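Please look over the model shown here before reading on. The questions that follow go through a few of its features, one at a time.

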Amino acid sequence: MYQHFFKRILDILISLTAILCLSPLLIIVSVWLYFANEGAGVFFLQPRPGYKGKIFKIIKFKTMNDKKDSTGKLLPDTQRITKIGRFVRNSSIDELPQLFNVLKGDMSLIGPRPLLVKYLPLYSKEQMRRHDVRPGITGWAQCHGRNAVSWTEKFKLDVWYVDHISFLTDLKVIFYSIRTVLGHKGIETANKNVTVTMEEFNGHN
């Protein structure tokens, strides 16, 4: 009953309330990033697989500029992320626009994070079960380390959530996620020379 009815009602009520309460912050950050990103835009939109693999466009604050090298190729993440963008990402403010995805029904507040569309053919049958629920702004895997957790462990945590979804589990996710954000744990990977985000999934790692 919770998963198929009350969870969606809570998603609508909480996301709508949060958007209204946080609207001043959303406006300030938008203006801030508009200038910091030097013409690269404020929002990052990207296709992601949702419930049952249905594709939707996720909305996040854009934390990097679009500067390129002499060949026209985008510079590495570490060179494109701005100081403001790093703060927005480390504080998880970049995730706030996804409240509109939740309100629309593409996502839930709590659930497995929606990953790249190109990963879909790489999942095992067990890993694909992470799409049996709506993806979330935060989830069981994120509150256990975010980008610091290996892909194998991340998928195990995602599937565990699918099998144990409940109001109590969601409360635990909220509590652990707040603790993780406040402690800035697992937001970036250990290899600072390559990327400021999780390494790409190749079907094995």
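Helices, at least four residues each, and strands, at least two, are DSSP runs numbered from the N terminus. The model is a predicted one.

Q: In which loop does Lys52 lie?
A: Lys52 is one of the residues of the hairpin of β1 and β2, which has five residues between its strands. The place of Lys52 is therefore given by those two strands, as the loop between β1 and β2.

Q: Is Lys52 buried or exposed?
A: A residue counts as exposed when its relative accessible area is over 50%, and as buried when that area is under 20%. Lys52 has a relative accessibility of 54%, so Lys52 counts as exposed.

Q: How many bridges join strand β1 to strand β2?
A: Strand β1 covers residues 43–49 and strand β2 covers residues 55–61, and the two run antiparallel. Among the facing residues, Leu45 has Ile59 of β2 as its bridge partner, while Pro47 stands opposite Lys57 in β2. The number of bridges that join β1 to β2 is seven.

Q: At what angle do the axes of helix α1 and helix α3 cross?
A: Helix α1 spans residues 2–36 and helix α3 spans residues 83–90, and their axes come within 9 Å of each other. The angle at which these axes cross is roughly 145 degrees.

Q: Which residues of α3 make the contact with α1?
A: On the side of α1, the contact is made by Val29, Trp32, Leu33 and Ala36. By class, the contact of α1 with α3 has seven nonpolar residues, with no polar and no charged ones. From α3, the residues that take part are Ile84, Phe87 and Val88.

Q: Is Phe35 buried or exposed?
A: Phe35 has its place in helix α1, and its C-alpha is 19 Å from that of Leu96, which is 61 residues away in sequence. The relative accessibility of Phe35 is 61%, and because the cut-off is over 50%, Phe35 counts as exposed.

Q: Which element gives the most to the lining of the second largest pocket?
A: The second largest pocket has a volume of about 180 Å³, and the residues that line it include Gln3, His4, Tyr51, Ser108, Asp132 and Ile165. By class, its lining divides into four nonpolar, three polar and five charged residues. Both α1 and β3, the latter at 108–110, supply at least two residues each, but the element that gives the most, with five residues, is α1.

Q: Is Arg130 buried or exposed?
A: Arg130 lies in the loop between β3 and β4. Leaving aside its neighbours within four places in sequence, Arg130 is in contact with Pro112, Arg113, Leu115, Tyr123, Phe155, Asp158 and Val162. Its relative accessibility is 3%, and because the limit is under 20%, Arg130 counts as buried.

Q: How far apart in space are Arg130 and Leu20, C-alpha to C-alpha?
A: In sequence, Arg130 and Leu20 are 110 residues apart. In space, taken from C-alpha to C-alpha, the distance between Arg130 and Leu20 is 30 Å.

How values were computed:
Residues are numbered from 1 along each chain as its sequence is written. This is a predicted model: local features need pLDDT of at least 70, side-chain atom pairs count only at pLDDT 80 or more; totals for chains, interfaces and linings use all residues. Side-chain values use heavy atoms; hydrogens and water are left out. Axes are lines fitted to C-alpha atoms, for helices over the stretch in contact, and angles run from 0 to 180 degrees between N-to-C directions. Contact means heavy atoms within 4.5 Å. Ala, Val, Leu, Ile, Met, Phe, Trp, Tyr, Cys and Pro count as nonpolar, Asp, Glu, Lys and Arg as charged, and the others, Gly among them, as polar. On a 1 Å grid over the protein atoms alone, a cavity is a set of points where a 1.4 Å probe fits but cannot get out, and a pocket is an open set with protein on both sides within 12 Å along at least five of seven lines; lining residues have an atom within 4 Å of a point. Grid points are joined across faces, edges and corners, and a volume is the space filled by probe spheres set on the points. Two strands pair if DSSP finds at least two bridges between them. Buried means under 20% relative accessible area, exposed over 50%, partly exposed in between (1.4 Å probe, protein chains only).
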